[in-house]
Amino acid sequence: MLRVRCLRGGSRGAEAAHLIGAMLGRSVTGWVHRAFQSTSSAAAVQSQSAVEEEHVTGLVQQDCPVSCFNEWDPLEEVIVGRAENANVPPFTVEVKANTYEKNWPFFQKYGGQPFPADHLKKAVAEIEEMCNILRHEGVNVRRPEPIDWSLNYTTPDFSSSGLYAAMPRDILLVVGNEIIEAPMAWRSRFFEYRAYRPLMKEYFNKGAKWTTAPKPTMADELYDQDYPMRTVEDRHKLAAQGKFVTTEHEPCFDAADFIRAGRDIFVQRSQVTNYMGIEWMRRHLGSDYKIHIISFKDPNPMHIDATFNIIGPGLVLSNPDRPCHQIEMFKKAGWTVVKPPTPLMPDDHPLWMSSKWLSMNVLMLDEKRVMVEDNETTIQKMFEKLGIKTIKVSIRHANSLGGGFHCWTTDVRRRGTLQSYFH
């Protein structure tokens with residue numbers, strides 16, 4: 001700050017005043033000039049920022065297209081997978097641990113090649129019909145991009161070919177207005193996210209939160225290379241001992257090992273989901289949600305939704321062949337536990353990557369409507385007794401690729417709010 005003392009008397013006083021005035025003039029003029037330049041620059045930057053902000057916020061709609069808190073609120077938008085170009089995964093240790101011994105010769109013979117063409121053609125047709133029926137029921141259907149999964153790829157840690165984009169439930173988990181891309185454990189699924197990337201960008205541009213969990217290297221250390229599985233009894237013992245083919249080398253999980261009930265989310269440690277992956281999810285979601293680890297008498301745990309499928313507030317299907325070790329806590333919470341009937345799928349129908357219990361892998365359109373396999377008449381009767389209308393669709397050939405209606409879909413938007421259902 002420049003202080004000016006007022007001068008009095010005579011010509012010297014006048015001269016001094018004139019000199020100081022000149023100095024002040026130059027000083028103020030220079031300051032004003034610099035300030036004007038600075039203000040002009042700031043205004044230009046602010047103007048540019050406003051343009052950029054307008055460009056970004058202009059992409060965001062007031063109503064986020066992504067919103068889902070549970071498995072049963074009215075379904076408005078869903079992603080349905082694609083069977084096109086599905087490729088048999090190479091017979092690696094993690095694939096061996098997740099498949100049944102009777103199917104190992106199939107993987108040994110066809111690993112890295114397309115699934116049988118005629119079977120795949122029928123699966124594609126079934127899923128197209130499923131999409132049509134969903135649209136008829138008022139649901140907006142979105143699809144991943146078709147990709148050639150037969151291409152071989154190499155990272156610094158492994159080489160593989162791809163699998164498919166058939167099961168969006170495995171890779172995408174929607175919690176609130178956030179879509180989480182899962183760090184899946186199979187090497188053949190390393191690049192599966194590419195089929196969904198256009199959809200993810202679209203949802204992000206319209207206001208959704210989009211998170212990609214830490215991508216695993218899938219180095220050899222992630223897998224127990226000597227995992228000792230031979231018989232079903234061996235698998236039971238290993239699962240009971242908490243031993244799985246995936247180690248705790250780095251986080252990994254399939255989204256299908258999580259199932260949502262508002263503020264409570266239930267998860268299992270499985271062949272493809274490790275404790276590091278579960279802990280990552282717990283920390284990521286924070287205090288708004290509680291993650292509960294539950295377990296089952298299951299020799300081959302992989303994906304929770306054909307073992308424990310929550311179909312309504314306080315209503316769950318619990319696989320009688322794979323009883324939940326913590327089932328009493330659900331009963332104490334006042335939940336109704338329903339044991340679905342034995343599946344009707346014929347023994348000679350190929351199921352390369354799953355079991356007959358896909359019969360309970362259903363998709364709820366709302367609390368009173370369920371999408372169910374057309375040939376599974378006994379479970380249809382079960383739903384009818386529960387007061388739930390069955391929307392019948394046949395996807396037997398699509399089942400062979402490893403999933404039922406819940407697996408083949410990811411619910412993007414359900415009309416509802418975040419609530420607590422488990423006390």
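## A tour of the cavities, pockets and cores

Welcome: the structure holds four cavities of 30 Å³ or more. On a 1 Å grid over the protein atoms alone, a cavity is a set of points where a 1.4 Å probe fits but cannot get out, and lining residues have an atom within 4 Å of a point. Grid points are joined across faces, edges and corners, and a volume is the space filled by probe spheres set on the points. You are looking at a predicted model, where local features need pLDDT of at least 70 and side-chain atom pairs count only at pLDDT 80 or more, while totals for chains, interfaces and linings use all residues. Residues are numbered from 1 along each chain as its sequence is written, and side-chain values use heavy atoms, with hydrogens and water left out.

**Stop 1: the cavities.** Select Met302, His303, Met353, Ser354 and Gly402, which lie nearest the centre of the largest cavity among its 24 lining residues. The space inside is about 300 Å³. Its lining has 11 nonpolar, eight polar and five charged residues (nonpolar: Ala, Val, Leu, Ile, Met, Phe, Trp, Tyr, Cys and Pro; charged: Asp, Glu, Lys and Arg; polar: the others, Gly among them).

Next, pick residues that line the second largest cavity, including Met345, Glu373, Arg396 and Phe405. This cavity holds about 50 Å³.

**Stop 2: the pockets.** A pocket is an open set of points with protein on both sides within 12 Å along at least five of seven lines. For the largest pocket, select Tyr100, Lys102, Ser354, Ser355 and Lys356, the nearest to its centre of 23 lining residues. The volume of the largest pocket is about 480 Å³, and its lining divides into seven nonpolar, six polar and 10 charged residues.

The second largest pocket has a volume of about 200 Å³. Select Ala239, Phe244, Arg269, Ser295 and Phe296, the closest to its centre of 14 lining residues.

**Stop 3: the cores.** A nonpolar core is a set of buried Ala, Val, Leu, Ile, Met, Phe, Trp, Tyr and Cys residues joined through side-chain atoms within 4.5 Å, where buried means under 20% relative accessible area with a 1.4 Å probe, protein chains only. Which members of the largest core, of 53 residues, touch the most other members? They are Phe115, Met130, Leu134, Met371, Leu401 and Trp408. Now colour α4 (117-136), one of the elements that each supply at least two residues of this core; α4 gives the largest share, seven residues. Helices (H or I, at least four residues) are DSSP runs, numbered from the N terminus. Finally, select Ile179, Tyr203, Ala255 and Tyr289, which are among the 35 residues of another core, apart from the largest one.

Key:
Buried < 20%, exposed > 50% of the residue type's maximum accessible area, 1.4 Å probe, protein only.
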